[in-house]
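Open your viewer and load the model. Keep the selection tool at hand.

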Amino acid sequence: MAALDASGRIADSGVVRALGWVPGTRLHIHEGAGLVVLRADRQGVFTVTGQGHLRLPAAVRQWCGLAAGDRLLLAACPADGLLVVHPPAAVDAMVGPVHAAVLGGGRP
């Protein structure tokens with residue numbers, strides 16, 4: 001889990017290190033099904049910042065309804081060189097039905 005700052009940065013150096021990304025690593029970033037996917041790509045137009053942070057473009061943040069302070073679930077796949085960012089709405093959509101089933105449809 002990591003927080004999104006007001007500039008769209010995700011400052012989680014652990015996940016960046018696990019992926020083997022260093023400052024300047026070029027990235028392809030896209031949104032799909034409410035998730036944000038980042039992949040190392042020599043042709044990518046985005047980069048890991050000089051401080052080793054990831055910056056989500058404003059358009060992607062808008063598509064996913066992300067705001068400063070949102071907590072994001074990060075799922076890295078080092079073997080494939082990709083990171084999947086799960087916004088709060090996506091986590092709610094995944095967890096909600098499971099909790100409802102376990103809790104008997106959400107009733108106490």
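This tour goes from one selection to the next.

Before you start, note that this is a predicted model: local features need pLDDT of at least 70, side-chain atom pairs count only at pLDDT 80 or more, and totals for chains, interfaces and linings use all residues. Residues are numbered from 1 along each chain as its sequence is written, and side-chain values use heavy atoms, leaving out hydrogens and water.

**Stop 1: Arg9 and Asp5**

Select Arg9 and Asp5. They form a salt bridge, with the closest N and O atoms 2.7 Å apart. The term means a side-chain nitrogen of Lys or Arg within 4 Å of a carboxyl oxygen of Asp or Glu. How many salt bridges does a search of the whole structure find? It finds one. Arg9 has a relative accessible area of 26%, so it is partly exposed. Asp5, at 25%, is also partly exposed. Here buried means under 20% relative accessible area, exposed over 50%, and partly exposed in between (1.4 Å probe, protein chains only).

**Stop 2: His53**

His53 lies in the loop between β5 (46-47) and β6 (54-55). Strands (E, at least two residues) and helices (H or I, at least four) are DSSP runs, numbered from the N terminus. Is His53 buried or exposed? It counts as buried, at 18% relative accessibility. His53 touches Arg9, Ile10, Ala11 and Val48, leaving aside residues up to four places away in sequence. Contact means heavy atoms within 4.5 Å.

**Stop 3: Ala33**

Jump to the loop between β3 (26-32) and β4 (35-40), where Ala33 lies. Check its backbone: phi of Ala33 is near 55 degrees, a positive value in a residue other than glycine. Ala33 is exposed, with a relative accessible area of 81%.

**Stop 4: Val84**

Select strand β8 (residues 82-86) and find Val84 in it. Val84 is buried, at 17% relative accessible area. Which residues does Val84 touch, not counting those up to four places away in sequence? They are Leu35, Val36, Leu73, Leu74 and Ala75.

**Stop 5**

Finish on Val95, found in helix α3 (residues 88-102). Val95 is partly exposed, at 33% relative accessibility.
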